[in-house]
Amino acid sequence: MPALCEKTVDDIEDIVSQHDLGSYDRDISRSEVLPRARKSKVTKRHMSIEENVEADSYIPGTHKVYVKTWGCSHNNSDSEYMAGQLAAYGYKITEEKEKADLWLLNSCTVKSPAEDHFRNEITRARELGKQLVLAGCVPQGQPKADYIQGLSVLGVQQIDRVVEVVEETLKGNSVRLLGQKKQEGKKTGGASLSLPKIRRNPLIEIIAINTGCLNQCTYCKTKHARGDLGSYEPAAIVARAIQSFEEGVVEIWLTSEDLGAYGHDIGVTLPELLWQLVEVIPEGAMMRLGMTNPPYILEHLEEMGKILQHPRVYSFLHVPVQSASDSVLMDMKREYCLDDFKHVVDFLRSRVPNVTIATDIICGFPTETEEDFVETMELVREYKFPSLFINQFFPRPGTPAAKMNRIHPQEVKKRTKRVSELFQSYSPYEHKLGEKQTVLVTETSHDNQFYVAHNKSYDQVLVRKDDNLMGKMVDVEIVETGKHFLKGRQLKGKDAVRPAVPPPKKKGEVSGVELAEQQASHSVLMWVAVGAIALGMAWRLCNILLTWAQ
């Protein structure tokens with residue numbers, strides 16, 4: 001299961017709409033930039049132009065950028081888009097952060113440890129003298145946080161302007177873009193889905209179908225960053241999927257803060273979108289659905305059962321329960337009760353053969369009593385979820401739950417340990433030993449010893465490392481089972497079959513329909529910049545010679 005692979009300027013609102021010029025066709029608004037003064041040095045009669053030469057010698061798109069991401073698949077998709085735009089413009093995306101000129105840090109605000117790592121990385125970048133651009137949910141949700149003041153910030157709906165922000169930052173300016181994308185006064189899903197991107201895995205396309213949600217969970221900081229629901233139109237999502245398959249992608253992931261809420265703001269339902277997507281998935285390729293909260297999937301259970309049975313859709317759904325206590329769920333403002341959650345699980349298990357339901361639990365929410373916790377333990381014991389994400393409660397700044405009296409941290413740790421031990425006590429895959437399954441190979445295991453494939457239930461199946469298997473459907477026999485995985489051996493006489501898609505792009509290669517146009521535009525801009533620098537240097541040299549002659 002996924003466990004194996006996995007002051008400053010005021011905020012600028014409503015700067016861009018879909019009717020505005022593209023991000024590469026307009027100059028960045030001056031009101032969004034905080035210029036930093038450069039001091040020139042004067043020695044005797046001659047002015048030192050060293051620092052000015054450095055500033056004038058800035059050529060757009062010629063620096064190295066290191067991109068670091070924390071958090072969910074939505075964040076990962078955002079980073080892929082930002083890296084793609086930068087690479088399309090000419091920047092070199094590097095994994096060697098010490099050699100990078102600028103660090104682009106895309107943050108997660110769900111848990112305190114993730115924000116701590118983010119803060120530490122900012123400190124490290126400053127120690128190394130790196131330029132910084134901060135993105136993601138932390139600066140969007142906490143724009144007044146002390147440790148991000150004076151640094152460039154890019155909001156979660158402004159990722160299509162990453163090139164401008166990076167350029168201004170490299171010039172020594174501080175930029176802050178935190179506005180929302182709106183159409184006719186209404187929030188949209190965000191930046192265009194047709195932007196260039198660099199996929200972390202060339203075989204997998206992550207498509208964010210909506211941003212934000214309809215809930216007001218008392219512990220959730222992500223709501224402060226992603227805001228209310230904003231859905232993309234089905235046509236844009238389908239077009240992105242088609243383009244991805246045309247570029248050799250064999251698996252698409254649909255992601256958002258709440259998949260089930262999709263379309264409530266634009267008069268479309270999730271099943272309507274999914275049926276449109278199913279029509280364009282090539283033979284042998286697969287689609288994985290992301291996380292959905294119980295309230296909004298309840299109304300679509302019948303259709304969801306049919307969709308999850310489709311041969312090109314994984315029989316997998318992530319439905320967080322968080323607690324099995326109705327009183328705790330009420331304090332969390334989760335807008336459902338335990339029976340609602342059970343109904344979702346029971347219905348899908350009865351209609352979809354071998355369906356996998358993954359879920360989340362929060363241990364130690366402030367109002368959780370021992371009795372409440374025992375109810376959660378009983379739920380895990382009854383359903384034996386094969387994939388269970390266990391989280392300690394962390395009070396996030398600005399959330400209602402952060403103002404509640406906390407349970408002692410040691411008690412929270414004890415409860416976390418108890419439910420973890422319960423989870424480890426059962427083996428969810430033993431009954432699959434000896435089964436013959438068809439799996440899709442898409443990744444490499446963290447220890448680099450196996451390729452990672454998934455069967456129809458989205459169980460992780462480890463297979464031998466053979467380049468002939470990557471990106472293909474393989475028939476295997478399950479010869480070993482573990483807590484989080486199955487191990488498969490390829491059946492003799494059964495060749496691996498590539499889905500009906502072209503070969504994938506190479507790792508690090510830029511995807512996107514706007515790529516050619518942007519590269520051409522960048523080439524022109526680069527040569528214009530080089531020419532301007534040459535003329536400027538010649539002019540300065542003439543002035544220096546005239547000064548000497550006098």
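The model is a predicted one, in which local features need pLDDT of at least 70 and side-chain atom pairs count only at pLDDT 80 or more, while totals for chains, interfaces and linings use all residues. Residues are numbered from 1 along each chain as its sequence is written, and side-chain values use heavy atoms, with hydrogens and water left out.

Strand 4 (residues 64–69) and strand 6 (residues 102–107) run parallel and are joined by five bridges. Helices (DSSP runs of H or I, at least four residues) and strands (runs of E, at least two) are numbered from the N terminus, and two strands count as paired if DSSP finds at least two bridges between them. Strand 4 also pairs with strand 5 (residues 92–94), again in the parallel sense, over three bridges. Here Lys64 has Lys92 of strand 5 as its bridge partner. Together with helix 3 (residues 73–89), strands 4 and 5 make a right-handed β-α-β unit. Right-handed here means that, with the strands pointing away from the viewer, the path from the first strand over the helix to the second runs clockwise.

For the protein as a whole, the secondary structure comes to 16 helices and 24 strands. Of its 550 residues, 55% are buried, where buried means under 20% relative accessible area, exposed over 50%, and partly exposed in between (1.4 Å probe, protein chains only). The protein exposes about 24,600 Å², with carbon and sulfur atoms supplying 52% of that area; accessible areas come from the Shrake-Rupley method with a 1.4 Å probe, and for residues only the protein chains shown count as cover.

Five strands close into it in the order 20-21-22-24-23, with mixed pairing. The twist averages 55° from one strand to the next; axes are lines fitted to C-alpha atoms, for helices over the stretch in contact, and angles run from 0 to 180 degrees between N-to-C directions.

Strand 20 (residues 436–444) pairs with strand 21 in the antiparallel sense over four bridges, and Val441 stands opposite Ala453. The hairpin of these two strands has six residues between them, and Asn448 takes a positive phi near 65°. Strand 21 is also joined to strand 22 (residues 460–463) by four bridges, and these strands run antiparallel. Val452 stands opposite Leu462 of strand 22. In this second hairpin, with five residues between the strands, Tyr458 takes a positive phi near 65°.

The axes of helix 13 (residues 338–351) and helix 14 (residues 370–383) come within 13 Å and cross at roughly 5°. That makes helix 13 roughly parallel to helix 14; angles under 35 degrees count as roughly parallel, over 145 as roughly antiparallel, 65 to 115 as roughly perpendicular and the rest as oblique. Contact (heavy atoms within 4.5 Å) is made by residues including Leu338, Phe341 and Val345 of helix 13 and Leu379 and Tyr383 of helix 14.
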